[in-house]
There are 2 protein chains.
Amino acid sequence: MVQKLTQEERDRHLPALLQAGWQLVDGRDAVKRTFVFKDFNEAFGFMARIALRADKVDHHPEWFNVYNRVEITWSTHDCQGLSQRDLDMIQFCNQVAAPYTP
Amino acid sequence: MVQKLTQEERDRHLPALLQAGWQLVDGRDAVKRTFVFKDFNEAFGFMARIALRADKVDHHPEWFNVYNRVEITWSTHDCQGLSQRDLDMIQFCNQVAAPYTP
């Protein structure tokens, strides 16, 4: 059973996420970030890479896309909050998007 | 320049869309539908097919996905409302999703 991050883990990891452009979501234990790409092709290319990884590790995003913009939210349904599984996917998102974003 | 649907065209086409599960969006001239699939793999497979067509015809959706659910909205930015381009993509969405949805 996946566990929510402990306070110590949150203190250790969240500052770097916020620094990288992730935001806490109001009213629930989740983080979101908006990625802006050059166009739809780049945006959906990002989504495709995230989707393949997400399905492989069975941990899926909530996301909204319009044209070159992808708003992606991570939280873990099974523990109703942030877990290590979110941190792993967040790191992967940052890595995939890095060549395309400031 | 793409034109908004005329009233005659709306009267001709919208009833079938509403019958097929599309809804008018409050506050703007757009339609949306929620497609529910078996799982994320099916949902993202649908999205991938829509994305390829959308980029080919340069007419892109607004969409939200979480796990097996895809909420997709169509409207045409250039004319600030529904156009034939939306009808074409709506028909393609219905066709791609048909084997997966009731």
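1. How many residues lie between S1(B) and S2(B) in the hairpin, and which residue in the turn has a positive phi? In this model, which is a predicted one, S1(B) and S2(B) form a hairpin with 6 residues between them, and the residue of the turn with a positive phi, of about 80°, is Gly27(B). The two strands, S1 (residues 23-24) and S2 of chain B, run antiparallel and are joined by 2 bridges, with Leu24(B) standing opposite Val31(B) of S2(B).

2. Strand S2 of chain B, residues 31-36, also pairs with strand S4 (residues 69-74) of chain B, again in the antiparallel sense, and here 6 bridges join them. Within this pairing, Lys32(B) stands opposite Thr73(B) of S4(B).

3. The two faces of S2(B) deserve a separate remark. In a regular strand the side chains alternate between the two faces of the sheet. In S2(B), Val31(B), Arg33(B) and Phe35(B) make up the covered face, whereas Lys32(B), Thr34(B) and Val36(B) make up the uncovered one.

4. Turning to the sheet as a whole, 8 strands form an open, antiparallel arrangement in the order S1(A)-S2(A)-S4(A)-S3(A)-S3(B)-S4(B)-S2(B)-S1(B). The edges are strand S1 (23-24) of chain A and S1 of chain B, each of which pairs on one side only. H2(A) packs on this sheet, where it touches S2, S3 (62-66) and S4 of chain A together with strand S3 (62-66) of chain B, and its direction makes about 165° with that of S3(A).

5. In chain A, strand S2 (residues 31-36) and strand S4 (residues 69-74) pair antiparallel over 6 bridges. Among the residues involved, Arg33(A) has Ile72(A) in S4(A) as its bridge partner.

6. Asp55(A) belongs to helix H2 (residues 40-57) of chain A and is partly exposed, with a relative accessible area of 30%. Beyond its neighbours within four places in sequence, Asp55(A) is in contact with His60(A) of its own chain and with Phe40(B) and Asn41(B) of chain B. Two polar contacts between side chains are found here: one of 2.8 Å joins Asp55(A) to His60(A), and one of 3.4 Å joins Asp55(A) to Asn41(B).

7. Residues up to four places away in sequence being set aside, His59(A) touches Ala54(A), Trp74(A), Ser75(A), Thr76(A), Arg85(A), Asp86(A) and Met89(A). With one of these, Asp86(A), the side chain of His59(A) makes a polar contact to the side chain at 2.7 Å.

8. Asp86(A) itself is found in helix H3 (residues 84-97) of chain A. Asp86(A) is buried and yet has no salt bridge, the nearest side chain of opposite charge being that of Arg85(A), 7.4 Å away. Besides the side-chain contact with His59(A) at 2.7 Å, the side chain of Asp86(A) reaches the backbone nitrogen of Ser83(A) at 2.9 Å.

Technical notes: Residues are numbered from 1 along each chain as its sequence is written. Chains are lettered from A and ligands numbered from 1 in the order in which they are written. This is a predicted model: local features need pLDDT of at least 70, side-chain atom pairs count only at pLDDT 80 or more; totals for chains, interfaces and linings use all residues. Side-chain values use heavy atoms; hydrogens and water are left out. Helices (H or I, at least four residues) and strands (E, at least two) are DSSP runs, numbered from the N terminus. Buried means under 20% relative accessible area, exposed over 50%, partly exposed in between (1.4 Å probe, protein chains only). Lys and Arg count as positive and Asp and Glu as negative; His and the chain ends are not counted. A salt bridge is a side-chain nitrogen of Lys or Arg within 4 Å of a carboxyl oxygen of Asp or Glu. A polar contact is a pair of N or O atoms within 3.5 Å; within protein, one must be able to donate a hydrogen and the other to accept it, and residues adjacent in sequence count only if both atoms are side-chain atoms. Two strands pair if DSSP finds at least two bridges between them. Contact means heavy atoms within 4.5 Å. Axes are lines fitted to C-alpha atoms, for helices over the stretch in contact, and angles run from 0 to 180 degrees between N-to-C directions.
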